[in-house]
Amino acid sequence: MKADKTKICEYMRRIADNLQGQGRQGTAAKYEGAARSFSRYLVSLGKRGGDICIKDMKPSLIEGYEGWLRGFQLCRNTTSQYLRSVRAAYNRAVRDGIAEKRDLFSNVYTGVAKTEKRALPIDVIRRIKAMPLQDPRVRLARDMFMMSFYLRGMSFVDMAFLRKSDLSHGRVTYTRRKTGQRLSIKWTDAMQEILDGYAANPTEYLLPLLTSPGGDRYKEYLNASARVNLHLKAIGEMLDLPIRLTMYCARHSWATAARTSGIPISVISEGLGHDSEATTQIYLASLDTVAIDNANDAIIAAV
């Protein structure tokens, strides 16, 4: 292979730019963050410009990066996320013919460690649903939490970017931003009741989260996510919950409720226990849609 002078941080930024153009801002942000972090690490090693040719990368460089990250007291999953982004960029460079295939990452941790349990029992979900909330900002946070729970634990980013056109013939059909999996969910009276509590969104989006005509949609999503999770934290404190209440708790809680409602353990385990969320969603999609709808009806009726 002819020597290539492409540098890794520069290459990651190019990947991020391409992802931005595809509307995949979340994944782009991971590459941008990894490029900044790896560049700072290289600066600490005295590398001019905070970059290095991909062909010059060695296992010892990657192992040193892991140690450098740990020096900032980052949690294991955060360190792993940075390393996975660098690895993904390196593997893409191999596919692009920029670098030779070498095992640079075998001695660093690139897995996903188990996190604290985030599932809430159904009686707590009922308490959240029944709270008499006067502050409209707190009520919106609670309603979006319940909407996520009703929508089989749909992630906040997927909820925010649901379009009105995604709701048709009594079903919400959308593509998960994280995995690319196409999902279809029965639209229920409980979901419609929440939606009816808000003025019609003046934008093309279904839920009252991205409501400003024009502007930077991804930035608006990030701001909405921060506000909702801030108010969910307050709700959790009002109820004296043992864990911090976030939108992600809705996903874990639905998974646990689904398990106890008869969905096979191989598909939905406690707190989405699969290391690969994509695999979990593929299994979900392979189940009979009517069976999933019936299970979701039972979960919603229990709240």
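**The sheet and its surroundings**

Modeller: Three strands form an open sheet in the order β1-β2-β3, and their pairing is antiparallel; two strands count as paired if DSSP finds at least two bridges between them. Strands here are DSSP runs of E with at least two residues, helices are runs of H or I with at least four residues, and both are numbered from the N terminus. The edges of the sheet are β1 (167-168) and β3 (182-186), each of which pairs on one side only. Two bridges join β1 to β2 (residues 171-175) in the antiparallel sense. Within β2, V172 is the residue that stands opposite L167.

The model is a predicted one, in which local features need pLDDT of at least 70 and side-chain atom pairs count only at pLDDT 80 or more, while totals for chains, interfaces and linings use all residues. Residues are numbered from 1 along each chain as its sequence is written, and side-chain values use heavy atoms, with hydrogens and water left out.

Across the chain of 303 residues, 47% count as buried. C9 is buried at a relative accessible area of 0%, and C249 is likewise buried, at 0%. The whole structure holds zero disulfides, a disulfide being a pair of cysteine sulfur atoms within 2.5 Å.

As to contacts (heavy atoms within 4.5 Å), residues 24 or more positions apart account for 61% of those in the chain with a separation of 6 or more.

Confidence is given by pLDDT, the predictor's value for each residue, from 0 to 100. The chain has a mean pLDDT of 86, and 87% of its residues reach 70 or more. Over residues 269-275 the pLDDT is below 50, and this stretch has 18 contacts in the model beyond near neighbours in sequence. Residues 281-287 also have a pLDDT below 50, with 16 contacts beyond near neighbours in sequence. Where pLDDT is low, the predicted coordinates should not be read in detail.

Technical notes
Buried < 20%, exposed > 50% of the residue type's maximum accessible area, 1.4 Å probe, protein only.
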